[in-house]
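Here are a few notes to go with the model you asked about. Have a look at it first, then read on.

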Amino acid sequence: MSIVALGLNHTTAPVALRERAVIDDTGMPSALRSLSSTPGVSEAAILSTCNRTDLYCGIGTGEEVPTHWFGEFLGIDGRDLAGHLYVHREDAAVRHLMRVASGLDSMVLGEPQILGQLKHAYGTAQRAGSLGVVLEKLFQRSFSVAKRVRTDTDIGASPVSVAYAAVTLAHRIFGDLDARIALLVGAGETIELCARHLASSPVGRMVIANRTVEHARRIATALGAYAISLAEAPLHLAEADIVIASTASRETVISFQQTRDALRQRRRRPMFMVDLAVPHDIDREVGTLPDVYLYGVDDLADVIEEGRQRRIEAAGVAEGIIDRQVAEFMAWMRGRRVSSVIVQVRDSAAVARDDVLAKARRRLQSGEPPDEVVEYVARTLTNKLLHAPSAAIREAGESDRRDVVEAARALFGVAASDEAPISGPNPGRAR
C-alpha cells in the first residue's frame, strides 16, 4: 500500500475555490464514505478548513491517485481545479501531514489551531471507520511530532498577528498579567483573538464592551469575561490597566477627556492602550497624556516582524525534526511491506518441517534406529529449506544477476570468496 496526500490550500487556490471545496461536519461522514469507496482507496481521512481541504489516503500499489474525487463529490468542474491541486506520494505525503500538524504549512507560520482541526478530522475518520493501520499510525506520529516541535522550538512563542503583538507588549510593560484588568472594546475577530490570548496569559479580569451586547457576551461567556454595552465603557476605563480597541466605528470611541478623567482616578497608575482600528477608536491626543502607553497598528509592525523572523528560524529547526520522523516512519512502512513475505517464508518452512517430522515418526515407529532418523531429519530438512533459494541463486548466477547474488550473501551471512562467480552452464573453481 502507498500513502498519498492531495488537496488545495491557501498557496495553490484562490478563496473562491477554497470556499467551494469546504466540507463541514455535517457532510464529512458522507465524504469519507464516498472517498473510502473509491476504487483503489483502502484508507482515508479528510481535513477541511477555510484555508485547505486535504485528502490523506492509503491506496493499493499501482492504483491511481483519486484526484477526480474532488470534482465528482464536490461538484467542481475539473477545469476549475486544474493547476490548483497538489499531490504528494510516500515520504512527501508523510512530510506534508507532519508539516501541516506542526503549523509549518499554515497561512500564519506556526499557528496552533491547525493541530486541533487535524485531531478533529482524525476523530471523525475514526468514527466513520475509514482509517486503517497505516493512517492510524501516521496521524498519531504526526501529533507526536507537532507536540515535539512546540516543545523543542520557539515556533509558537513569537507574535505574528496584531492581536498577539498587543498582548506581548502588555507583558513587556506589566510582566505577569494575573493582577491586571483588561477592557476590550469591540467584538470582532481581532478583539476575540486578543481576548483568547489574554485569557491564556492569564489576565486577572476581562471586560468586553460592544455596541451589540449579545456579540460581546458570546466571546465573554466562552472566556469567563464580562460583557457590557459600548456606552458603559467609559465607566470602566479607570479600572483598566489594559485597553484594546477595534471597532468599525467611523468616530472616536474613547476620547481624550474620558482618558484624562480615568487617569486622575487611577492616581498615576500606568495605562497600556492599543488602538487596532482604522479609522482610530482612541483619540490620538491620548498619547500625550503622562502614564499612558498608546500604540497603533503601525507601532506593532516591528514587534510582528521580529516575531516573524524568530518563527522562520524556529521553522528551520522544526524541519530537521520532521525529516528524522519521516525517515523513521518510512522505515516502518518498508518493514511492514516485507512482513507478508516473512510470513510466507515461515509458513513454507513450517510445511516442510511438519512433513519431515511426520515421516521421521513413521520411521521410528517402524523400528529404524534413532540416530539414523535424526540424520534423516537433518539432511532432508536442510535440503527442503535450501532447495528453492539455492535454485534461485544458481539461476541468478547464470543470468549474471549480481544484485540477487549479493542479496543472498547478505541474507545468509556468507562472505565473498575467491571463487569465480556463479555463471555459465557449468560453474566451478577458477583455474
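The points below go from the sheet and its helices to salt bridges, one serine and the cysteines.

1. Ground rules. This is a predicted model, in which local features need pLDDT of at least 70 and side-chain atom pairs count only at pLDDT 80 or more, while totals for chains, interfaces and linings use all residues. Numbering runs from 1 along each chain as its sequence is written, and side-chain values use heavy atoms, with hydrogens and water left out.

2. The sheet. An open sheet is built from 6 strands, running β7-β6-β5-β8-β9-β10 with parallel pairing. From one strand to the next, the twist averages 15°. Strands here are DSSP runs of E of at least two residues, helices are runs of H or I of at least four, and both are numbered from the N terminus. Two strands pair if DSSP finds at least two bridges between them.

3. A pair to look at. Strands β8 (residues 242–245) and β9 (residues 271–275) run parallel to each other, joined over 4 bridges. Pick out Ile244 and you'll find its bridge partner in β9, Val274.

4. Helices on the sheet. Helix α8 (residues 162–174) packs there, touching β8, β9 and β10, and its direction makes about 165° with that of β9. Helix α9 (residues 189–200) packs on the sheet too, touching β5 (181–185), β6 (205–210) and β8, at about 165° to the direction of β5. The axes are lines fitted to C-alpha atoms, for helices over the stretch in contact, and angles run from 0 to 180 degrees between N-to-C directions.

5. Salt bridges. How many salt bridges does the count come to? It comes to 27, taking a side-chain nitrogen of Lys or Arg within 4 Å of a carboxyl oxygen of Asp or Glu. One of them joins Asp152 and Arg148, with the closest N and O atoms 3.2 Å apart. Both residues sit in helix α7 (residues 133–152), 4 residues apart, or about one turn of the helix. Asp152 is partly exposed at 45% relative accessibility, and Arg148 is partly exposed at 37%. (Buried means under 20% relative accessible area, exposed over 50%, partly exposed in between, with a 1.4 Å probe and protein chains only.)

6. A network. Arg363 bridges to Glu368, with closest N and O atoms 3.2 Å apart. Elsewhere, shared partners link Arg52, Asp54, Arg99, Asp105 and Glu319 into one network of salt bridges. Within it, Arg99 and Asp105 have their closest N and O atoms 3.6 Å apart, and Asp105 is buried, at 14%.

7. Ser106. Where does Ser106 lie? Look in the loop between α5 (91–101) and α6 (113–128). Ser106 is buried, since its relative accessible area is 13%. Its side chain makes a polar contact of 3.0 Å with that of Glu111; such a contact is a pair of N or O atoms within 3.5 Å, one able to donate a hydrogen and the other to accept it, and residues adjacent in sequence count only if both atoms are side-chain atoms. Beyond neighbours within four places in sequence, Ser106 is in contact (heavy atoms within 4.5 Å) with His10, Arg52, Glu111 and Ile114.

8. Cysteines. The structure holds 0 disulfides, a disulfide being a pair of cysteine sulfur atoms within 2.5 Å. For Cys50, the nearest cysteine sulfur belongs to Cys194, 18 Å away. Cys50 is exposed at 59% relative accessibility, whereas Cys57 is buried at 0%.
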